[in-house]
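The sequence and structure are shown first.

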Amino acid sequence: MTPLPNPYDVPALLKEIEANGMKLSEGGGQVRQQCLAAAQALCYALETPMESIIRTHWAEQAHHAALCTENDLHLFDKWEEAGSGIKASSELSELTGSDPSLLARILKHLAAMGTIYETGPDQYCPTPVSKALSMQVHRDGFPTSFDLAGPPVRKLHEYLAMTGYQNPQNTSIGPYQYGHQTPDDFWTMISKRPEMSVAVDNSLAGRKSHRLTWMDHGFYPVEDNLAGGVSGEEEAVLLVDVGGGTGTNLQEFHGKYPGLHGQLILQDKPEVIKQATGLDQSIRTMAHDFFTEQPVKGARAYYMSSVLHDWTDEQCAEILANLKFAMTPMYSKLLIHEFVIPDTGAHWISTALDIMMMAVFSSRERREQDWRKILEGVGFRIIKIWTAEPGAESLIEAELATEIPEHTTHTLTEADGASEAPDGIAQSGTEELVERRDVIAVESGMASIINADPSSHAPAIEASEPESESSPKTILLSGRPRLVVS
Ligand SMILES: C[S@@+](CC[C@H](N)C(=O)[O-])C[C@H]1O[C@@H](n2cnc3c(N)ncnc32)[C@H](O)[C@@H]1O
C-alpha cells in the first residue's frame, strides 16, 4: 500500500521556510509564495484539530463581525487621517465616536487575528493590512463581499441540499436568489443601485492592485504580441475592453503603455459607462451589451477581465460568439484575464473565488480543460496561457481557429525558405509574420503570402509548392500548422 503523503512534516517545513527565507530579498514573488505556502502548512501542522475547528467556527466569523464594525465606524481611515502610529483604545473610540468598552473588545480581536498590532495594554499600532483596509478600494470590498455575496454564500449549503447536490447552473433561480430571497440576479440587483457597481469595480481593482497583472513587464509581451502587430491605419483599434467596468484596467494599460498606436475602447452596460469618469481622454467609452453583436469590428484585441467567470458555459459561448464575428482571422486576438485553476496545488484565492462564483452567479472559476472546451466549441484556438504567479489570474491568448483539413500536411523545408528546428520540425522562422496583417492566398496547391501591412518586413517565405501531387501539405509558421494547402 502506498504510504499517505505527510504534508505536515514540521522539521521539513521549517527547513523549507529557512531556505526560502534566506532568498527572500532577491528571490521575487515566487520565493515569497513558496515561503508563505510552507508557513501556512506549518500552522496547519502545529494547530490541533480542535484549534483548527474553533478558528473556523468562531475566530473567522468573529473577525468578519469586527472588520465590518471597524469599516462602518471608519476606524482605520480615521486612524490614518489622525497620523497613524501608536494609539490607545480610548483615543480610537474618541476618533470614531464609539463606546470605549465596546471598541476595546473589537480591537482585542482584531489584534488577536493579526489585523492590527498590540503594543501594550489597550494600545495598538496599524499594520500593512489595516493601512490597506483604510483605502476606499478595499473599503468597497465590504458591501461587495458581505452585503451582496454574503447571504448566498452563507445559505449555499441549504440551496445545495435542496437541489440534491447538483452543480448550480441556473442563473435566474440559483443560490443568489435563494440567499437574498429575491427574483433578481446579481446584475439586476446592482443596476437598481448604481453606487454598488462602482463599489464592485473598485473592490476588483483593489483585489488586483498588489498582484502582477498581464500588463506588467515580464508577464505578457505587450509590445511584441499585441502592439507590434496592430494595423497602421489611423482608425485602428488596439484594445476593446469588453465588460470593462469603469475603466480601471484600460486606464492602467494606458499608464503603462502611453505611446502605443491604436484606439482603446471601454465597453460596459450604459449605467456603468455613465460612472466611468476621469479616464484619460484617449480612452473611448461605449455602452454595449455583450450578449448582442460586437459593434467594433477588426480590433487587434478584444479583452475580457474577470467577466466570463460570472457566467455559465452556455452564456460564455453566447458572449464569445458575439465577439467572434467581429474579429479578423489571423489578426484579432482574444485576451481573457482569469484564473486557470491547475489540476493540483490550486491556490486558495482561486478556490475561494470558485465557491463565491457558484453562490453568486451559478458559475465557476475554470481549469485549462474547461477553457479549451468553451473556446474551441465556439471556434477559437488557444495560442498560449500566460501565468506569472500562483494566486493570480492568467492571461489566455486566443485567436479564431483556422480549419486544418486532415488529409493535407506538408512541412516546409529549407528549400521553402525555412530553417530546421532542433526537434527536426521545419520552422519558417517568421515569428513576426503571423503577428502582422499577413494574408495567405492559396491557389491551385500553391500558397503565397501577401503582405497586407506595408510596414512589416518582407515575408521569409513567398510561396511553397507541393512535393508531389499525392504528398499532403501543411505550411508551418512559427513551428505550428497554420494553413493547409490541398
Ligand atoms: C466582475 S466585473 C469586471 C469588470 C472589469 N473587467 C474588471 O476586471 O475590473 C464584470 C463586468 O461585466 C459587466 N457586465 C455585466 N453584464 C454585462 C452585459 N450584459 N454587457 C456588458 N457588460 C456587462 C458589469 O457591469 C461589470 O462591469
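## Conventions and overall composition

Axes are lines fitted to C-alpha atoms, for helices over the stretch in contact, and angles run from 0 to 180 degrees between N-to-C directions. Helices (H or I, at least four residues) and strands (E, at least two) are DSSP runs, numbered from the N terminus. The model is predicted: local features need pLDDT of at least 70 and side-chain atom pairs count only at pLDDT 80 or more, whereas totals for chains, interfaces and linings use all residues. Residue numbers start from 1 along each chain as its sequence is written.

The protein contains 18 helices and 19 strands. Of its 486 residues, 34% count as buried; a residue is buried if 20 or more other C-beta atoms lie within 10 Å of its own, exposed if 12 or fewer, and partly exposed in between, with C-beta atoms placed from the backbone. Among contacts with a separation of 6 or more, 64% join residues 24 or more positions apart, a contact requiring C-beta atoms, placed from the backbone, within 7 Å of each other.

An open sheet is formed by 3 strands in the order β1-β3-β2, with antiparallel pairing. The edge strands, β1 (87-88) and β2 (116-120), each pair on one side only. Two strands count as paired if DSSP finds at least two bridges between them. β1 pairs with β3 (residues 123-126) in the antiparallel sense over 2 bridges, and K87 stands opposite Y124 in β3. In general, strands of a sheet pair through backbone hydrogen bonds, either parallel or antiparallel.

Helix α5 (residues 100-112) lies across β2 and β3 and runs at about 110° to β2.

## Packing of α9 against α17

Helix α9 (residues 150-162) packs against helix α17 (residues 348-361) at an angle of about 90°, and their axes are 9 Å apart. α9 is therefore roughly perpendicular to α17. On this scale, angles under 35 degrees count as roughly parallel, over 145 as roughly antiparallel, 65 to 115 as roughly perpendicular and the rest as oblique.

P152, V153 and L156 of α9 make the contact with M356, M358, A359 and V360 of α17. By class, this contact has 7 nonpolar, no polar and no charged residues; Ala, Val, Leu, Ile, Met, Phe, Trp, Tyr, Cys and Pro count as nonpolar, Asp, Glu, Lys and Arg as charged, and the others, Gly among them, as polar.

## Surroundings of the ligand

Around the ligand there are 20 residues, of which L204, G243, G245, F290 and S305 come nearest. A residue is near a molecule or strand if its C-beta atom, placed from the backbone, lies within 6 Å of it. The shell divides into 7 nonpolar, 8 polar and 5 charged residues. Helices α12 (194-208) and α14 (248-256) each supply at least two of its residues, and α12 gives the most, with 4.

## Individual residues

Most residues other than glycine have a negative phi. Q181, which is not a glycine, has a positive phi of about 50°. Q181 is located in the loop between α10 (175-180) and α11 (186-191) and counts as exposed, with 8 C-beta neighbours inside 10 Å. M330 likewise has a positive phi, near 60°, and lies in the loop between α16 (313-324) and β8 (333-338). M330 is buried because 20 other C-beta atoms are within 10 Å.

D370 belongs to helix α18 (residues 368-378). With 15 other C-beta atoms within 10 Å, D370 is partly exposed. The C-alpha atoms of D370 and I341 are separated by 9.7 Å, the two residues being 29 residues apart along the chain.

How values were computed. Two residues are in contact if their C-beta atoms, placed from the backbone, lie within 7 Å.
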